[in-house]
Every structure is written in structure tokens, then in C-alpha cells.
Amino acid sequence: MTKRNQTHTPEEDIQLLEAHLAGTLKPVTAPKDVVQRLRGRIQMPTRSEITLRLTDWRRLFLVFGGVMSGMLVLITLARTFYYLVGRKG
């Protein structure tokens, strides 16, 4: 292997790499049937559905409480493992 003299800055190296990749990679278009299947599966809710979900404060409160409880459990487990590992080390 030959040793290369590094005369380029990291920014120049990145620019050279991007230029090389731009020349070698070709854009690819997805087949139309795949795009149509994805559009059929993805359904955006209407504005009325979104506002209905946001005004349902009980469900929103339940979801928020569940997320906060899960985070509290994770933090407690992490502190427990840190305490146990710290005592042995």
C-alpha cells in the first residue's frame, strides 16, 4: 500500500467524495404500483378528526400519563443498575 500525503482539508475531502458519488450514483424512480399501494395505505386524517382527537382530553391525559410513567420506570431502572454496578466496581 502506498502512503498518501494528505494535502486536502476535511471539507475538501467531503466535497471530493460528494462529487465522486454524484457522478457514480444514478437517481432511481420507484415503480408506479408501489407508489399507488403506499398511497392507499397511508391515510391522512381530516381536520375534523384531528380536532376531535385533540379535544378528547381524557385520552390525551391518559397517553401523557402513560408516557410519563414509562419514563419514570426507565429512569428508576437505570439508577438501580448504576447503583448496583457502582457498588461492585
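Biologist: What secondary structure does the protein chain have?
Modeller: This is a predicted model, and its protein chain comes to 4 helices and 0 strands. From the N terminus on, the order of elements is α-α-α-α.

Biologist: Where is confidence lowest, and where is it highest?
Modeller: The lowest mean, 84, belongs to helix α3, residues 47-55, and the highest, 91, to α4. Across the protein chain the average pLDDT is 85, and 90% of the residues score at least 70.

Biologist: And how should one treat places where pLDDT is low?
Modeller: Predicted coordinates should not be read in detail there.

Biologist: What share of the residues is buried?
Modeller: Buried residues account for 0% of the 89 residues in the protein chain. The chain exposes about 9,700 Å², of which carbon and sulfur atoms supply 65%.

Biologist: Which residues make the nonpolar surface patch?
Modeller: Val63, Phe64, Val67, Met68, Met71 and Ile75 form that patch, which covers about 570 Å². Phe64 is part of helix α4, spanning residues 57-88.

Biologist: Why does Phe64 count as exposed?
Modeller: Phe64 counts as exposed because its relative accessibility is 52%, and the cut-off for exposed is over 50%.

Biologist: Changing topic, how many salt bridges are there?
Modeller: The count is 1 salt bridge. Asp56 pairs with Arg59 in a salt bridge, with the closest N and O atoms 3.6 Å apart.

Biologist: And how accessible is Asp56?
Modeller: Asp56 has a relative accessibility of 29%, so Asp56 counts as partly exposed.

Technical notes:
Residues numbered from 1 in each chain as written. Predicted model: local features only at pLDDT ≥ 70, side-chain atom pairs only at ≥ 80, totals over all residues. Heavy atoms only, no water. Patch = residues over 30% accessible without salt bridge, like charges linked within 9 Å, V, L, I, M, F, W, Y side chains within 5 Å. Areas by Shrake-Rupley, 256 points an atom, 1.4 Å probe, with all protein chains shown as cover. Salt bridge = Lys/Arg side-chain N within 4 Å of Asp/Glu carboxyl O. Helix = DSSP H or I, 4+ residues; strand = E, 2+ residues; numbered from the N terminus. Buried < 20%, exposed > 50% of the residue type's maximum accessible area, 1.4 Å probe, protein only. pLDDT = per-residue confidence, 0-100.
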